[in-house]
Every structure is written in structure tokens, then in C-alpha cells.
Amino acid sequence: MLPPSIFFTRLPVHTDIIAIAILYAGQLQLLASSTSRLHHSVLLRLRALHAHILASGFKPGNYLLNHLIHLYSKQGDIPSAHRLVQTAPLPDAVARTSLINAYSNAGDLYLARKVFEETPVLVRDTIFYNAMISGYSRAGKGLLAVCVFRSMLRDGFHPDDYTFTGVLSAGAYVVDLDLIQCQQLHCPAVKLGAEPLVPVSNALIALYSKCDSWDAGMHARQVFDNMPERDELTWTTMIVGYVRESDIFSARQLFDEMNERFDVVWNSMISGYVHHGHFTEAFEIFRRMLSLKLPLDEFTYTSVLSACANAGLFGHGRSVHARIIRNGPDFDPKSALPVENVLVALYSRCNKMDLARRIFDGIQMKDSVSWNTILSGYVNLGSMDDARPIFESMPRNSQLPWMVMMSGLVQSGFSEEALKLFNRMRAENVDPCDYTYAATFSACGDLGALEHGRQLHGQLIALGYESSNSAGNAIITMYAKCGAIEEAHFVFLVMPNVDFVSWNSIIAAFAHHGHGIEAINLFDMMIKEGLHPDRLTFLTVLTACNHAGLVDEGLRYFKFMQRDYGIIPGEDHYARLIDLLGRAGKIEEAKDVIEEMPFEAGPTIWESVLAGCRIHKNVEFAIHAADKLFMMIPRHHGSYVLLSNIYASFGRWEDVASVRKLMKDRGVKKEPGCSWIEVENTVHVFLVNDTSHPESHRAYIFLEVLGAKMRKLGYVPDTSFVLQDVESERKEYVLSTHSEKLAVAFGLLKLAVGAKVRILKNLRICGDCHNAIMFMSLATGRDIVVRDAKRFHHFKDGECSCGNFW
DNA sequence: ATAGGGTTAG
């Protein structure tokens, strides 16, 4: 092929037709000779030809001009195309159509619309309107496309089948599309007889599939059934429509009916199955793809890998990953990101954070999904130390990272940090959402920061989130943990949409405050309202029975749970039941339950036994339980403490000493989960927060008693504890209001009843701690044993005796 | 006379 300039000069230019021939010759030759990167050279050639035409003095007519405009538009040189449109002596619908299409393809709907508006109605035609409609349609601007369609009819133009394809596909983007709207778009297409045409019907099926109504799905199927012929897109659209409606069964039926399956359909089936949790079926389709040697693309891999991640199938996931590495990616490296992201999710999910991290570090262009995935990977494993640096270096302009981080911090016990993060979120101009509020409330609950929580509650209402269930449920729990049971109840009563979590929360609120009967009444109401209790609900109900001492009811609910709700009791349920029996002194029954359990009793069970034995001073069975515990978790601090407390209550100090020696020999260290007060010159009280412990409601009672006694001693416990260190330089420790009050109460509670606790923060309480513990002993009617470096102090009946351990 | 146009999915 000669270079265009020579080609051109050889031929006399008399008509548009010859120039067109040359234009096309040049373009077609290039199109044929190279498969990629033709864009630029075609454009150069086009410009050269254009220059020649101008230089030759030939004045292009409409015909040639339109071709030039079309070619410039197709090649993406919109400015040149636009200039030519403007230089044309008369406005021309054909030229404008090309230009509108060019702008629409470039995503510039505003300029496309401008060209559209600047074209007089007189010169417009149907195709011209169609260009604008499909432009809006492809951009997802459904309503605008429909508006253009209406103006088209108003201007007196006749829509054709292309018009309907555009309008129908635009309709699918209308938000909250209903059946009536679908039919309003459908009817004109039927009248014109355009319906049986494949693209029109395809668009119709897609339209009805997007509509959230069962009837609409039937309509889609009707269109499908009435089609005289179908193409791959017809099948795909119908199948994907079923998947969207969660009708995987029908989707699969259609899939099996297809003779020739388009690639996308396979992927749609897999991702449909994954989306609805049918992982086995997803793998089955994937295996068939493999055996048929079908091409796998990035969509196949992401779907299958996410199935592995969701099902926690590390082995499967790794072999798919190996396959990608072995075969080399079958997809455009540019599309690798979603695959890499899902690999990070897979390995995080399977506790292989080092592998996840390696893939994450290898991603060049990390997107927000990559960052969020690795962040939640660490957070879900409770590795907040790894999560923090990720959070600090990632983009934080969306709510998601804050949500993940805050809820992670709360769950790992860093409630104060979560509250700080909430403030930082605002400083960084990210609007808190109901989920971040929920995390914040839960932090307030853990810290006992009632006033802070109240203020946030007010803010939440002001922001209009009050109807959010996640926030509302968190608020109930927050008030409950702070001891404000009436407020918790009020929030529950005014919540617009109460779900089973709300019920669980309010039942737990009453149960943990010692209002066992009220909790059980609420539970009965919940059942009457037709809500489905889950295993957690029953766990709470058993707790409630525990508090109210309702042994028979507890047993009844335990049976009810299995018989009427098919919930298989877990170890935690059994532990509550045994706790209930043990507390009631029914050690023999507890033994029977342990015998009849379908599994071996684990540590939680024996801990409950031990606690029961302590209350009823059953040394024999306590020793048995402790032996089990020592075997299962030999370095569990709490078991030793419980046992030595039992010995102490009998005054068996030698045994206490031998337990302590055992601890020393075995290297049992104090754990964050179980600590006690150390009396030296100062006292350490740990802020604890396990309101789920059956005894924890007593903290609030203790708090009151303690407050009254301390006031007599001259302390001011209402707003803050201002305590003086007698020993050293009369330092003052000013402790804030609620969290520290709870800290003291919970710390002493732990001391008194051996509740399982978590340390959040160290506090130093100075002054006459001895007296405070004495009051505790009197208030609870319990013996309290405290040890310091050399001695133990046994508080009993308002007196304190000391003894030596060794 | 001629030139400008379509649907869809993970």
C-alpha cells in the first residue's frame, strides 16, 4: 500500500466519493495490518488526509465532512470532530449524531447534551435522538434518557427498535424501579412491534430483572419464553436475573438447558452460588470448567477464591492460587487487583497473615479494598498491634476503615483508644455513621462512661440516626453496662424497628442486673411477638434464671431450646446450666449433667463447677474440678485462685500454701484475664469489664455500698475519687467519674466472687484500702482473702486476720 | 443516493 499522500495525488479529486474511498482505504489497511495500537497511526493518517484535502483546495461537501467527523469521533479526536461540526455551513443530524456518540463514549454527557441542544429540532431525526438516549443509558442516567425519549415523542418523532433498546436499558438504572414503570416502558415497544427483536427483548429481560418484585421476574421469563430466537446475551441476562432474585434453582435449570454456554454464564453461576453460600455447587461448576478446559478469567478466580475464603477452605484456595501462578494469569494483568485482594482475604481468613501480608505488600496499585481487607484481617484476629500501622498509612477518607478499626479496638479491649479514634474521625472530616456510633457506645459501656455515652446518644438523635438498629442495640447495652437499666429499657421501648438483637440486648440488660424474672418475662414476650431466639438469647435466659435462682425454669428453657428451636446446646449453655445447679447447691445434678453431655467437659464447665463448689463449700468436688482444670489448662491462673479461695474459706492455710507452691513450680503467671488486688503500700485495682459474668450485676450494688461507706470516711466518690497517698509525698490521684468507680467496684467484685475479669487500665488507689475491703466483706457477707508480698489478709465478719503463706 | 445507531453479564 502506497503512503496516502502518493495515493492521493495520483487521483484527481473531483467528488466526495473518491476522497471517501481514500480515507477508508487508508484506515482499512491499517486496521488490517495491526491488531493493537492502531489508534494513533490511524489518527495521524486521517489528519494527513484531511490536510491534503484542505491543501488541494477542494471544498468538502456534507458527505465528506460527515465521514471525516465520523472518523475523528471514532478515533477519539473529539476536538477535531467538534471543530468540523462547527465549520459546517448547515447543522446536520448525521454529523451531530457522531459527535454526540463520541462525547458519550468519552463519558462527557454534559457536552453531548450541549451538542444535542444546539441542534435545531427541524434537522433532527430519530437516530439523532437515539444517540442521546443511549448515551444517557450507558452512563446509567436512566431518568434523563427517559426524559429525552419523552421530548422525542413530544417533538413528533417516531421511535424505532433502537430507541426502545436504549430506553429499556436506561429504565434498568432507575432507582426503586417498580412494575408499573417497567410496563409503561414495555407497552410502546409492543405497540410498535419491536418486542420480538433480540436486543429489545434482552433489554426488557434486564429491565424486569432489575425490578424488585416477584411479578417482574415472571414478566422477564414471559418475554424470554416468547422470543422467536435467542442469543447468548438472552440466556445470560435471564440467568443473571434469577441469580439476582436469589432463585439459584431456576438459574441452574436454565444453565443446564443451554446448549452452548457463554463464558460469562459460568462465572455468573459460580458467583451466584458463592453469594448465597452454596460453596459446594460453586466448586462443582468450577471443576466442570476445568475439565472442559474453558478459559478462566479474573472473574472466575475471584468468585472461586472468595468461595474458599468464605468457607475457610485453605487447601482449596491455595491450590487455586497455585494454579494461577503455574499457568500464569489467564487474564489481563490490569485486572489482577481484584484477584490479589481476594487472595489477601483468603489467607487472612485462614489465619495465614504472613502469606496475606506478602501478597498485600506485592500489590503495586493498592485500592481501598486491598487496604480494608488486610486491615480487617488483622482486626479479626485481634492483632491490633499490626492493625494500627496499617490504619495509619492507609487512606482514611471513607467510613469503613474507621468502623473496622473502632470495632476491633472495642473487641480487643482498647475502649479508650476507640473513643479517641471517634474524635479523630471527626477531626479528619469523616462523618461518623451509625456503625461507628455503635462501636463508640460499646466502648462507653465497657468503660462505664455513662455521661459520655448519654451525650453521644443525644448527638446520634440530632444526626437522625435514631432509627438505626445497630446503634440502638449498642445504646441499650451501653446503658445496661453503665447501670442505667431504666434508660436502656426506655431506648428499647421507643426503638422503631426492634429486631432479635434488640431483644437479646434488653433481656441481657435485665438478666445482668439481677432482674431475672423481668428478663424471663421479656423473653416470653419476645416469643409471643413471633421473633426467633438464637443460641445467645437462650444463653442470656439461662443467666437470668441463674440470677433469679429459678433452677426448674432454667432446666425447662434448656429443653425448650432444643425441642422447639432445634438449637443444640454448646459448652457455654451447659456451663450456664451447671453454674445454675451448682449455685443452687445441686452438685449431684450437676455431676449427672456432666456425665450425660454429648462431649467431654471443657474448662468452662469445670470452672462453673469450681465456682459452685466454692459457694457451697464442697471441697471434695472442687478438688476434682480443679484437677481437671489443672490438666486441661495447667497455667490458668484463675483455677488456682478459685481453689485457694475455697481452702481459705475453710481456714486450710496449708492447702492454700501448697496451691501457691504449685503455681510457683508450674510458673503460673498472672494473666490479664484474671488478676487480683495487691496490697502493699498502695493498692492496684484493675479496671475490669465482664458484665456477662453472672455476678457482675452486683458491682452496681457494691458501688452504692462502697460509695456510702467511703463518704463516711471523708472520700468523695460521687464525681471522682480524690485519694491521697499517705505513704509518699501526699500525691493526689484524681480519677475520672464513672470508669474508675466501676473499676473499683469490679476490682473488688473480682476479689469477692472470683468473676472473670479483663484488665483495661491500671489504677492506683491510695488511702485506707484495708477499710474499703472490710466494707466489701461486710456488704457482701463474704470472706475476702487478699495477699500482699508476704502475707494474706483474711477479712471476715468485720475483722481481719493475717496469716503466712509459707 | 449517501453518511450517523442497539442489547448484557460476573
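A: The answer below begins with the DNA and then turns to the aromatic rings. This is a predicted model, in which local features need pLDDT of at least 70 and side-chain atom pairs count only at pLDDT 80 or more, whereas totals for chains, interfaces and linings use all residues. Residues are numbered from 1 along each chain as its sequence is written, chains are lettered from A and ligands numbered from 1 in the order in which they are written, and side-chain values use heavy atoms, with hydrogens and water left out.

Around DNA strand B there are 36 residues, of which Asp125, Asn130, Ser169, Leu233 and Asn267 come nearest; a residue is near a strand if one of its heavy atoms lies within 4 Å of it.

The side chain of Asp160 places an N or O atom 2.8 Å from a base nitrogen of DNA strand B, and for Asp297 the corresponding distance to a base nitrogen is 2.7 Å. Ser271, in turn, has a polar side-chain atom 2.8 Å from a sugar or linking oxygen of DNA strand B. Among the elements that give two or more residues to this surface are α4 (62-75), α10 (161-171) and α16 (263-275), helices being DSSP runs (H or I, at least four residues) numbered from the N terminus.

Turning to the rings, a search of the whole structure finds 24 aromatic pairs, a pair being rings of Phe, Tyr and Trp (its six-membered ring) with centres within 6.5 Å, and with planes under 30 degrees apart counted as stacked, over 60 as edge-to-face and the rest as tilted. Phe360 and Trp371 have ring centres 5.1 Å apart and planes at 80°, so they are edge-to-face. Phe360 belongs to helix α21 (residues 353-362) and Trp371 to helix α22 (residues 368-380), 11 residues apart. Both Phe360 and Trp371 are buried, that is, under 20% relative accessible area, with exposed meaning over 50% and partly exposed in between (1.4 Å probe, protein chains only).

Technical notes
Polar contact = N/O pair within 3.5 Å; in protein donor to acceptor, adjacent residues only side chain to side chain.
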